[in-house]
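My notes follow in the order in which I looked.

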Amino acid sequence: MLRAGGRTALRVRPRGLEPGAGGRRRCCSSGPDSLKQTPLHAFHQQQGGRMVNFAGWSMPVQYALSHLESHLHTRQHCSLFDVSHMLQTKVFGRDRVKFMESLVVGDIAELKPDQGTLSLFTNEEGGILDDLIVTSTSEQHLYVVSNAGCRDKDWVLMQGRAEELRAAGSDVHLEVSENALLALQGPSAVRVLQTGVSDDLAKLSFMSSVVMVVFGVPGCRVTRCGYTGEDGIEISVPVGRVVELVELLLRDPQVQLAGLAARDSLRLEAGLCLYGNDIDETTTPVEAALVWTLGKRRRVAMDFPGARVIVPQIKGKVKRKRVGLISTGPPIRPHMPILSLEGRPIGKVTSGCPSPCLKKNVAMGYVEGEQSRVGTVLAVEVRKKSCPALVTRMPFVPTRYHMLK
């Protein structure tokens with residue numbers, strides 16, 4: 001989730017790690033410009049990170065490597081991203097699954113211990129409120145990671161529903177995790193991490209999670225997932241030791257720091273949505289080509305928010321659909337009109353950039369349902385000129401998730 005998520009942002013204290021209430025170190029703080037900062041903010045600045053405003057957070061967009069170099073390094077080796085800006089929530093209580101299934105489209109009850117799934121918060125009109133990852137931990141709670149840009153509204157949504165259920169006699173309560181969150185992504189990521197853990201990471205499948213000691217730092221939740229399409233790991237780490245862990249990981253020459261620029265082009269090559277661009281409250285999971293997130297049992301029961309709108313769309317026709325596009329020529333950017341061959345506007349681009357791996361332009365956007373078939377030749381209006389574009393299956397670059405047989 002850039003889980004923009006996203007399959008997102010960071011936190012820090014500009015004068016170093018400052019203690020928070022009760023002597024605990026704070027996961028985030030605010031700087032003089034009122035932007036929130038991750039625990040690694042000062043570290044990013046020391047490393048030459050160019051900081052920008054991302055969803056109200058001060059985040060590094062890139063470091064010494066160029067955007068292109070950082071992107072390709074991730075594909076060929078591995079990169080370390082700070083994603084501490086994302087909301088990490090723990091859900092406790094015997095009715096935690098009932099609570100979560102009252103908000104999302106996924107089948108949370110079927111998850112095995114320490115298994116996770118991508119799901120969606122939806123409203124009663126079928127619109128997507130956010131995308132998130134829900135993990136059913138062996139420690140008897142749900143671990144939920146959702147997007148930084150939706151942080152406040154997600155918390156209000158979850159807290160409000162928890163209060164409703166408790167008033168009706170249910171047992172559920174929430175806790176915001178104060179941990180920082182790192183993403184180590186790329187073909188070398190697991191090899192690098194394996195040198196600092198005793199657990200056999202080869203047994204950790206995609207979307208599986210376990211708590212372990214990482215390079216001497218106890219209490220780290222390691223999840224095999226990411227927002228780049230590569231094999232990779234996300235590490236939820238106690239905030240007081242996150243700088244130490246980052247420095248240890250960077251000792252390996254395979255590891256380079258990476259920022260938002262590379263993260264966005266990597267997720268786009270992988271065909272992953274950015275919340276606020278590619279999905280929002282006006283798009284349904286069917287329009288967004290995310291039907292696979294709908295649990296089969298949930299579809300039959302029609303017991304998730306917006307089911308009366310979403311389920312009939314599965315076998316019916318939708319007026320618009322998210323598609324992938326490939327083109328040559330000038331870059332395709334968000335908000336550009338998508339045209340039929342006759343020049344009629346049929347949709348808009350939601351994400352787009354030149355692909356460092358394919359040496360072509362890749363984009364996604366919404367087009368009329370009749371124009372969404374793979375292989376359909378369309379056009380995109382770039383600076384008042386019509387540029388040919390081909391509807392293409394996503395991901396644009398093959399993913400390399402670690403799936404156990």
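I searched the whole structure for salt bridges (a side-chain nitrogen of Lys or Arg within 4 Å of a carboxyl oxygen of Asp or Glu) and found 19. The model is predicted, so I note that local features need pLDDT of at least 70, side-chain atom pairs count only at pLDDT 80 or more, and totals for chains, interfaces and linings use all residues. Residues are numbered from 1 along each chain as its sequence is written, and side-chain values use heavy atoms, with hydrogens and water left out.

I looked up R191 and D252, whose side chains form a salt bridge at 3.5 Å, N to O. R191 lies in helix α5 (residues 189-194) and D252 in the loop between α6 (242-249) and β15 (255-257), so this pair ties together parts that are 61 residues apart in sequence; helices here are DSSP runs of H or I with at least four residues, strands are E runs of at least two, and both are numbered from the N terminus.

For cover I used relative accessible area, with buried under 20%, exposed over 50% and partly exposed in between (1.4 Å probe, protein chains only). R191 is partly exposed at 44%, whereas D252 is buried at 17%.

I then checked D303 and R298, which meet in a salt bridge at 2.8 Å, N to O. D303 is partly exposed at 38%, while R298 is buried at 1%.

Last, I looked at helix α7, where nine of the 10 residues are buried, E269 among them.
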